Amino acid sequence: MEECEALCTRMAIMVNGRFRCLGSVQHLKNRFGDGYTIILRLSGLCREPCPVEEFMSSAFPGIELKEHHQNVLQYQLPSGACPLARLFRVLSEQRERLGIGDYSVSQTTLDQVFVNFAKDQSDEDQLKEVVVNGVESSKDSKRITLFLEDASVEESRL
């Protein structure tokens, strides 16, 4: 996926033979991503109950603990849950009190977006439209054209 981010200006993802999204890499991350990944590395081992876990849950409603291995905690924060400025301010203010050695905040990766779509993939053969000699056998012959022209799936512009 790193190659796609570096080389492509637009991408499309298909699931079960149908286009599910089309747009720039940033548009796909914004629209179909899970928000932000926050990784906290604690100075020491966290005892149960972990005060950092309790603090993060109360300070950031909607945050979800994804992994906890020794002194590393990984959280997922939905995009609209809180402004990034508040997230950085709160973490830097509480860093010493909670024993946070360092932390990182990153946007959903393109790999995570792809995996989210891959979860929708089914093994069943869902071929419903057949083209023989340029003639389609389905009423929905303009489905892809409608998808590409639909304003609700249009790219975000900065």
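Let's start with what covers the buried residues of helix 2: the cover includes helix 1 (2-7), strand 1 (11-15), strand 2 (18-23), strand 6 (100-107) and helix 5. Contact here means heavy atoms within 4.5 Å. Helix 2 spans residues 25-32, and its buried residues are Val 25, His 27, Leu 28 and Lys 29. Buried is under 20% relative accessible area, exposed is over 50%, and partly exposed is in between, with a 1.4 Å probe and protein chains only. Helices (H or I, at least four residues) and strands (E, at least two) are DSSP runs, numbered from the N terminus.

A word on the model, friends: it is predicted, so local features need pLDDT of at least 70, side-chain atom pairs count only at pLDDT 80 or more, and totals for chains, interfaces and linings use all residues. Residues are numbered from 1 along each chain as its sequence is written, and side-chain values use heavy atoms, with hydrogens and water left out.

On to the cores. A nonpolar core is a set of buried Ala, Val, Leu, Ile, Met, Phe, Trp, Tyr and Cys residues joined through side-chain atoms within 4.5 Å. The largest one has 20 residues, and Ile 38, Leu 40, Met 56 and Phe 60 touch the most other members. Two or more residues each come from strand 3 (36-42), helix 3 (51-59), strand 5 (72-77) and helix 4 (84-98). Apart from this core lies another, of nine residues, including Val 15, Cys 21, Leu 28 and Leu 110.

Which residues does Ile 38 contact, leaving aside its neighbours within four places in sequence? They are Ile 63, Leu 73, Gln 74, Tyr 75, Leu 77, Leu 87, Leu 91, Ser 104 and Val 105.

Now the helix pair. The axes of helix 3 and helix 4, lines fitted to C-alpha atoms over the stretch in contact, come within 12 Å and cross at roughly 155°, with angles running from 0 to 180 degrees between N-to-C directions. That makes the two helices roughly antiparallel, a term for angles over 145 degrees. Helix 3 brings Pro 51, Val 52, Phe 55, Met 56 and Ala 59 to the contact, while helix 4 brings Arg 86, Val 90, Leu 91, Gln 94, Arg 97 and Leu 98.

Finally, Asn 116, in helix 5 (residues 110-118). Beyond its neighbours within four places in sequence, Asn 116 is in contact with Phe 32 and Asp 34. Over in strand 4 (residues 64-69) we find His 69, which is exposed at a relative accessible area of 51%. His 69 and Arg 41 are 28 residues apart in sequence and 9.8 Å apart in space, C-alpha to C-alpha.

Definitions and conventions:
Parallel < 35°, antiparallel > 145°, perpendicular 65-115°, else oblique.
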